Amino acid sequence: MKAKSNSLVVKSAVLCISLLLTSAPAINGALPLMRNALDVTNAQNELLSTVPSFMVIIFIFLSSLIERGLGMKKTICLGLLLAGIGGVIPMFTASYPIIFASRLILGAGLGVYNSLAVSLINALYSGDTRATMLGFRNSMESIGQSVLTFIAGLLLTLGWHWSFAIYFLAFPLMVFFWITVPETSTRPQDDPTKGAEQAKERMNPFVYVLVGFAIILVLNSLAMSVRFPSIAASIRGDNFNSSYLLSLMPILGIVAGFVFGMMNKLMGKKLLYLGIAIFALSDLLMGLAANNFPLAMAGLILSGIPGSWCFPYIFNTLGDITGPRTSTLATSLIFVGCNIGNFAAPLFMSAVQAVTGSDSLTIPFPVLSAIFVIIFLGVLVSDLRGRKKPDVSASN
């Protein structure tokens, strides 16, 4: 299996399933036309974009149970099948309840295999290969988001129904994955010689630290992308279109993800320090950019880079500190943390403005910069303490 999993074709199939994981908002460009065609309120219409994320959270937790019954390969294929069916249904109906239900099915499908896309890499690969694959996987999400959003926009010229045709991609991906990737599992019974040890396996407490880190990373990235258009408009005028600058974030993330494996091999843990430092710097620049557009733009662009280094570090670390019984659950918790970060970002910004009594659009970012400085110092202190005693963080 090891030789087969290292082939380029298998690696491509393992990575390609991540193309759809961030595709739920890809049809957002069709929402204005859909609101009129479906005769619904703006809130009901926007719910079609956000409701898949709720199902993702639910099925992330259920995925480990499904995987125990079906196996990892069948569970991933089930997720792709559900995502494809739920995704394309709106092509054939103008009924809001049916479309709403289809978006729930899409979210369920994405949630079923969300965490398994990472667990599969941790199960098949190790060392530098695993780190490189995790970096590539992060880039595949960004590529999927960018390309599918672009294609959905082109198809929109044919009518809003056609934007949902992007989800047909799930079916060839499912077939490619099924015929290419070997069956594997994180279940303890796969290694009967270690059954007793695995039965006693408990979640490494450091997993919860990584979940908190994931929440902050996503919260920061979303705060940047949500608040930047308003900051730019306040400086350059209400008619300023910031979309082309926002599109740079996933592109830079793609590039950063592809070089993660190489940089991780060269720099090791120093790459994590660099990523945290860039986050702190980007927030600081945005915080100082109340009336300075170049500073705001620099802060935005910088913020698109370090997430593609920090998230592969998180998942690579999970592969080292979790065992067969807890691997999928630990990965699921990370993805739940990501969704919490998405949800909490606007609440965090509102809370900072309320506490400080400031109506400045940039006031949340110095606070976020300070949080990353604290994280940087925390990692540094932890590493310095670890050098003075044997490292037991990887034991279960």
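Residues are numbered from 1 along each chain as its sequence is written, and side-chain values use heavy atoms, with hydrogens and water left out. Because the model is predicted, local features need pLDDT of at least 70 and side-chain atom pairs count only at pLDDT 80 or more, whereas totals for chains, interfaces and linings use all residues.

The protein contains 19 helices and zero strands, these being DSSP runs numbered from the N terminus (helices H or I, at least four residues; strands E, at least two). The radius of gyration, taken over C-alpha atoms, is 21 Å, which agrees with the value near 21 Å for a compact globule of 396 residues under the rule of 2.2 Å times the number of residues to the power 0.38. Along the principal axes, the C-alpha trace spans about 65 × 55 × 35 Å. Of the contacts (heavy atoms within 4.5 Å) with a separation of 6 or more, 83% are accounted for by residues 24 or more positions apart. Buried residues, defined by under 20% relative accessible area with a 1.4 Å probe and protein chains only, make up 51% of the 396 residues.

Definitions and conventions:
Buried means under 20% relative accessible area, exposed over 50%, partly exposed in between (1.4 Å probe, protein chains only).
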